[in-house]
Amino acid sequence: LDRISQDDSSSARKSPLGDLGVIKTLDGSHTLYLKDKDETYHSRHGAIQESRHVFIEAGLKPLVETGSKEIQILEVGFGTGLNALLTYLEAEKNEISIQYTSLEAFPVSSEIVSQLNYGDALNAKAVFQKLHALSWNENHRVSEFFSLQKNQIKLEEFGSDKKFGLIYFDAFAPRVQPELWTEEVFRKIYKLTASDGVLVTYCSKGDVRRAMIAAGFQVEKLPGPPGKREMLRAVKK
Ligand SMILES: C[S@@+](CC[C@H](N)C(=O)[O-])C[C@H]1O[C@@H](n2cnc3c(N)ncnc32)[C@H](O)[C@@H]1O
C-alpha cells in the first residue's frame, strides 16, 4: 500500500477507475480523461487555468494576503499533482510555509504522469517529477517552504488530529461520485478544518452548497473559471 512501486514496474495499464487517457485542454495544459465515466480531472477549458482560479486565487491567495505565514492544506484527490505543484510555486514565491497533506484513493501511474506537460508549462519540471516520486504515507520536506505528505487512502477512511486552514476539495464531480459530496462527508471535513479555515471547490451545485451549510460552513458562490459560471468557497466560523 505504501509505496508507489506497485505501478512503477509495469507498462501502461488500466487505472482501477477504468481506461485513463491524456488530453489537451484549451489553455494548452493536459488533463486526464476517464473514458468509462466520461469525466476529466480538470476543466476542458483549461486545466492550469481552472486550478489557479479555484484553488490558488480563491483559496490560497486570500490567506497569504491576510498575512498567514504558515498554512496547513488538505487536498482531497492528489490526482495529477497539479494543485500541489501550483501551491509549491506560491509557497516559494511568497516565502510562506506550507504543509500540504493530500489524499488519493487511486494513484495515477508514473507512466501516465510522465506524459503530463505541467512541468514544462510551469517551468518546474524537476519539482513536478519530485512531487510524484516521493513515497506515499510519509511526510517529506520538499523545500524550505513546502512539505508534502501524500496519503494513499480514501477520504472516507482518513482521520487526523490536525486542523487544516485550507481545504482543496477536488474529488470527481457529484455525477460520478455522489457519495463524496454529502452532508456527512462535509461534517467530517468541518471537523478537520481550523476555525476561520476555508474550503474551496470547483463545484457549485445547489445540493452541494446545502450539504456544506448543513455541516456548519458559511458558503459563498464566487465566479467560476472560464467555462463555468460559479464555484464555492466555504468558511468555518
Ligand atoms: C477531479 S480529480 C482531481 C485530482 C487532482 N487534484 C488534480 O489536480 O489532478 C479527483 C481525484 O480524486 C481521487 N479520488 C476519488 N475518490 C477518492 C476518495 N474517496 N478519496 C480520495 N481521493 C479520491 C481520484 O482518484 C482523482 O485523482
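The following exercises, with worked solutions, concern a predicted model.

Residues are numbered from 1 along each chain as its sequence is written, and side-chain values use heavy atoms, with hydrogens and water left out. Because the model is predicted, local features need pLDDT of at least 70 and side-chain atom pairs count only at pLDDT 80 or more, while totals for chains, interfaces and linings use all residues.

**Exercise 1. Determine the strand order of the open sheet and state which strands stand at its edges.**

Step 1. Strands (E, at least two residues) and helices (H or I, at least four) are taken as DSSP runs numbered from the N terminus, and two strands pair if DSSP finds at least two bridges between them.

Step 2. The 8 strands follow the order β6-β7-β5-β4-β8-β9-β11-β10, and their pairing is mixed.

Step 3. β6 (139-141) and β10 (218-223) each have a single partner strand, so one side of each lacks a neighbour in the sheet.

Step 4. From one strand to the next, the twist averages 20 degrees.

**Exercise 2. Describe how β8 and β9 are joined, and find which helix touches β4, β8 and β9.**

Step 1. Strands β8 (residues 164-169) and β9 (residues 193-201) run parallel and are joined by 4 bridges; Phe164 has Thr193 as its bridge partner in β9.

Step 2. Helix α7 (residues 183-192) packs on the sheet with contacts to β4, β8 and β9, where contact means heavy atoms within 4.5 Å.

Step 3. The direction of α7 makes about 135 degrees with that of β9, the axes being lines fitted to C-alpha atoms, for helices over the stretch in contact, with angles from 0 to 180 degrees between N-to-C directions.

**Exercise 3. Characterise the surroundings of Tyr100, including its side-chain contact with Glu75.**

Step 1. Tyr100 is located in strand β5 and counts as buried because its relative accessibility is 0%, the class being defined by values under 20% (1.4 Å probe, protein chains only).

Step 2. Leaving aside residues up to four places away in sequence, Tyr100 touches several residues, among them Ile73, Asn83, Phe146 and Tyr168; the C-alpha atoms of Tyr100 and Phe146 are 7.4 Å apart, although 46 residues separate them in sequence.

Step 3. A polar contact of 3.1 Å links the side chains of Tyr100 and Glu75; such a contact is a pair of N or O atoms within 3.5 Å, and within protein one must be able to donate a hydrogen and the other to accept it, with residues adjacent in sequence counting only if both atoms are side-chain atoms.

Step 4. An N or O atom in the side chain of Glu75 is also 3.2 Å from a nitrogen atom of the ligand.

Technical notes:
Buried means under 20% relative accessible area, exposed over 50%, partly exposed in between (1.4 Å probe, protein chains only).
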